[in-house]
Amino acid sequence: MAKVTTVVIPAAGVGTRLFPASKAIPKELFPIGDRPAIQYNVEEAYQAGIRRVIFVINPYKEHILYHFLPNERVYRQLKHKRQLEALEQLKELETKMEFETVIQYNPHGLGHAIHVCKNRIPKDEWFAIMLGDEIVFPETTPPLKRLVDNAVEHDGCSISLLPVPDEHVNRYGIIGGEELNHDDGLWRVDTLVEKPALEDAPSRMAITGRYVVPATIFDAFDDIGPDARNEIQLTPALQALTKDYPFHGLVLKGERLDIGNPEGLAQANMAWLRRYGQTNG
């Protein structure tokens, strides 16, 4: 398996749960502490060895890309104010990573948002996926690096998992399989079910917003096609991959935060204050 060098970050939603704040400003650019939410995902991808980022956006969210493009005026201001650490952090991402966008003109599900990147990723490559409205403050190793390392080691797919209570099972994709190593949170996955009823759920392990998959997933999307709501879903395509590849889940080690709603946004900022606020002023 070749090195994973590309991450696709779906961020095309209009953020209705955060209206009116998200009407003109993409929710992914809302600040968590001292940086926009989506920058945490980009930094996590960088720490995983990834150097190419594809943002899937709608036509009105170009500012997500603009945030990561070089800006000499900003460089001069930071240098003038002697904010040299912030300057170096900013330039490291901008100079060592490649950023591009793909437009999703009409929302037809998470799988569709990934599928629009089909022509951007060679057929023999593997790539990562990160959801733009989920950030993680890790305990130690960033979660995407754990997934990439596992995928390379086993020449197979990796997804991030999170145990959920019974009342939340029908909100997530749920996996079935065998726990291989409790301390590492490692599961062998053979079943993935999208938002099952509690009585039909194969476990209480939910799929969260990080994945490492082969480009053959695009063929799976084509084979499965849209569902009854004319949406292309990710979970059935992942299920199709279990037939041809080793497939593992790794339980998330850290604090996962959904910034797609006001409560989650507030919780993310409180989490940032607990972790970093004192040292950042």
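A residue counts as buried here when its relative accessible area is under 20%. By that cut-off, 51% of the 281 residues in the chain are buried. Please keep in mind as you look around that this is a predicted model.

**The chain as a whole**

- The chain holds nine helices and 13 strands.
- Its radius of gyration is 19 Å, which agrees with the value near 19 Å that a compact globule of 281 residues would have.

**How α3 and α4 are arranged**

- Two packed helices are described by the distance between their axes and the angle between those axes.
- Helix α3 covers residues 72-80 and helix α4 covers residues 84-96; their axes come within 8 Å and cross at roughly 155°.
- Angles over 145 degrees count as roughly antiparallel, so α3 is roughly antiparallel to α4.
- The crossing of these two helices, α3 and α4, is left-handed.

**Where α3 and α4 touch**

- On the α3 side, the contact is made by V74, Y75, L78 and K79.
- Their partners in α4 are L84, L87, L90, K91 and E94.
- Sorted by type, the residues of this contact comprise six nonpolar and three charged ones, with no polar residue among them.

Notes:
Residues numbered from 1 in each chain as written. Predicted model: local features only at pLDDT ≥ 70, side-chain atom pairs only at ≥ 80, totals over all residues. Heavy atoms only, no water. Axes fitted to C-alpha atoms, helices over the stretch in contact; angles between N-to-C directions. Helix = DSSP H or I, 4+ residues; strand = E, 2+ residues; numbered from the N terminus. Parallel < 35°, antiparallel > 145°, perpendicular 65-115°, else oblique. Left-handed = near helix turned anticlockwise from the far one by under 90°. Contact = heavy atoms within 4.5 Å. Nonpolar A, V, L, I, M, F, W, Y, C, P; charged D, E, K, R; others polar. Rg over C-alpha atoms; globule rule 2.2 N^0.38 Å. Buried < 20%, exposed > 50% of the residue type's maximum accessible area, 1.4 Å probe, protein only.
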